[in-house]
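Here are a few notes to go with the structure you're looking at. Keep it open while you read, and check each point as you go.

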Amino acid sequence: MTKKTNDTVLRFMTCGSVDDGKSTLIGRLLFDTKTILTDTLSQIEKTSKKRGMSALDLSLITDGLQAEREQGITIDVAYRYFSTGTRKYIIADAPGHEQYTRNMVTAASTAECAIILIDARKGILTQTKRHTYLSKLVGIKHILVAINKMDLIDYAEDQFKEIQHDYLAFTNAINLKDTEIKFIPISALAGDMIVDRGEKLNWYNGPTLLDYLENLDASEKNAMKELRFPVQYVCRPQDSANKELHDFRGFMGRIESGLLCVNDKVKILPSGHQSEVKDIRVGNDFIEEAIPEQSVTITLKDEIDISRGDMIVHEEDSIKSTKSFNATVCWLNESPLTMNRTYLIMHAARASKAKITHIEHKIDVNTLAKEKTSQLNVNDIADLSFKLAQPLILDTYEDNRVTGAFILVDESTFHTVAAGMINNIDS
Amino acid sequence: MAKVLSHLDWLESEAIHIMREVAGQCSNPVLLFSGGKDSLCLLRIAEKAFRPGRFPFPLMHVDTGHNYPEVIAFRDRKVNELGERLVVASVEESMKKGTVMLNSPNEPRNKYQSITLLEAIEEHGFDCCIGGARRDEEKARAKERIMSFRDEFGQWDPKNQRPELWDLYNARVHKGENIRAFPISNWTEMDVWQYIEREQLELPNIYYAHQRDVVKRNGAIVPVTEFTPPKPGELIENLMVRFRTVGDITCTAPVLSHADTVEKIILETASTIISERGETRLDDQMSESAMEQRKKEGYF
């Protein structure tokens, strides 16, 4: 029997600090799935020795930049890869201490699952709550709570159960009902219940951490069933030598949600013009149906003026363009938000000038308390109201993780200064 | 259960999306093409992204002058087949101008590619270079953005990168600044070989096992060429080898192999125990942070 996840990609993030054994866990996953290669291993052996350690320090596998090694910290999200033959995995490894909000939100933005590490000796900490809240905020639907360092509490089942109980009490209180939550006792150091089961956790009957990942159904990445096809690029070869290509107009982009089939009746937003799909192709291959995340080129039966940034939806869709909305925003830049300044908003394939008209409140990521503020600094999260110069075709983030998301760009420095998730759209 | 793309389709689709963003956001991009396997994947992706139209960018080869002739012949034939434009930026031209000064005549020229690349960027006014780098190649790359900002001197500042969230790429730059776009960031060496097999991509023949004169030096196999002559006392052997990466002759070493087809290379890659750069890139072995240093200086 083939597994249902056969030959797909799964992106997950790991939350925790070096003290929780996060680097050791990732090192263990890569080591036990035979992803660590000999030369990397010999480098790690050398460094382990240099630092006076007796055993191989698996956490060194995730060691990154020179500046990080010098300071013994991690400063940025790193991406790691491994493959089991069943699935290809992309790990977004977010550092636990430094700039944690910015880095966690970045890592979470592309992840379908979050592994939240808890030190079994310490139980639920403030950072556990923060990681859970940020995962929920960025729309992660699968949380795996990995209770680590079981070896240091003699693999005690009752302590595992107690942490599980405490965690569920906390998630009930913050309304995490749409999120699937699982618990696994592990020892990253000893390798128990990561790839191999080990011999010390016989009271636990659930899957190993890798089994959990192998069987995770992430096919419903985007909740939305309605078609969203933002046009990234218009292909007009205008090749006078080739009669067929002379009038060719291909609309190129990626299906962000829903399905698009040949002969579907569609409309183009914001113009509202309607037509039907003539053909769909990927390279030279013609296909009948395009599915989410597929990059395609389509042609239409009518000659319509369409440019980059336009959104193609089904004819009966009631979605409209909008010029005002509110969103939860994470401020990413060292220079704080300046009210009444114009920023550039980048959404799907379109950009618009935008102003922030109102800060509703700031959210404390540790307690979820809302507080009034007139300032927004790096790593702050807040609900803001926006006004747009050009209309955009928006969805809420809850409905659509692609067309519900945007970034803000500083018009003079061109830095990416904020990331936003849309809550309400004014009609 | 919803339909889901296979891992190769997913990676390909992501790469197409990235290339189209470059085309949509940048006014004068260029695609770096070496004739190597990663840049050949980029060409196939560009075909899928832009055909039946032309590529919205020329191709550029930063040529060190130390090439395997087969690779250059292959490069020119490929460009002709595609009917696209090739720009050659030559390290030897930079040497003539005096902007590249070698410490010794037979010094590896890879690091000088950065100077020639930056000169070409300035000369042609390119605002974005599309490259075939992958995050699994090297630890400095693991933290680099898909659209990576470089200042006027081509420098990468690892501590001050633009945040990159979702698939929303910010390729905006001021005049003189530059974006390096890496559409196959999320691919591994294995993904590249599987894609080559699936797409039946033609590669320069030195990627496949062949007989070659080599010497063994410090644990590496060094090909005997006019740029890399044997040292006194070294024994020349004629062995079956293949290259896993293709670059400047003086810093690319082959591995012992009998894999003469893509299928056999995939089998060998699946069971290999030494990573691509560690085994065959003599320039990265020099220090723990060799790649990081080069990137800070403008290397792609």
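1. First, a word you'll need: a residue counts as buried when its relative accessible area is under 20%. Also keep in mind that this is a predicted model.

2. Now find strand S21 of chain A, residues 405-410. How many of its six residues are buried? Six of the six are, so by the under 20% cut-off S21(A) is mostly covered.

3. Next, look at the two faces of that strand. In a regular strand, side chains alternate between the two faces of the sheet. On one side of S21(A) you have Ala405(A), Ile407(A) and Val409(A), and on the other Phe406(A), Leu408(A) and Asp410(A); both faces are covered.

4. Who are the neighbours? Strand S17(A), residues 342-347, runs antiparallel to S21(A) and is joined to it by four bridges. Met346(A) stands opposite Ile407(A) here. Strand S22(A), residues 416-425, is also antiparallel to S21(A), with five bridges, and Phe406(A) stands opposite Gly420(A).

5. S21(A) and S22(A) make a hairpin with five residues between them. Have a look at Phe414(A) in the turn: its phi is positive, about 65°.

6. Over to chain B. Helix H1(B), residues 7-25, and helix H2(B), residues 37-50, have axes that come within 9 Å and cross at roughly 70°. That angle makes the two helices roughly perpendicular. Where they touch, residues including Ile16(B) and Met19(B) of H1(B) meet a set from H2(B) including Leu42(B) and Phe50(B).

How values were computed. Residues are numbered from 1 along each chain as its sequence is written. Chains are lettered from A and ligands numbered from 1 in the order in which they are written. This is a predicted model: local features need pLDDT of at least 70, side-chain atom pairs count only at pLDDT 80 or more; totals for chains, interfaces and linings use all residues. Side-chain values use heavy atoms; hydrogens and water are left out. Axes are lines fitted to C-alpha atoms, for helices over the stretch in contact, and angles run from 0 to 180 degrees between N-to-C directions. Angles under 35 degrees count as roughly parallel, over 145 as roughly antiparallel, 65 to 115 as roughly perpendicular and the rest as oblique. Contact means heavy atoms within 4.5 Å. Buried means under 20% relative accessible area, exposed over 50%, partly exposed in between (1.4 Å probe, protein chains only). Two strands pair if DSSP finds at least two bridges between them.
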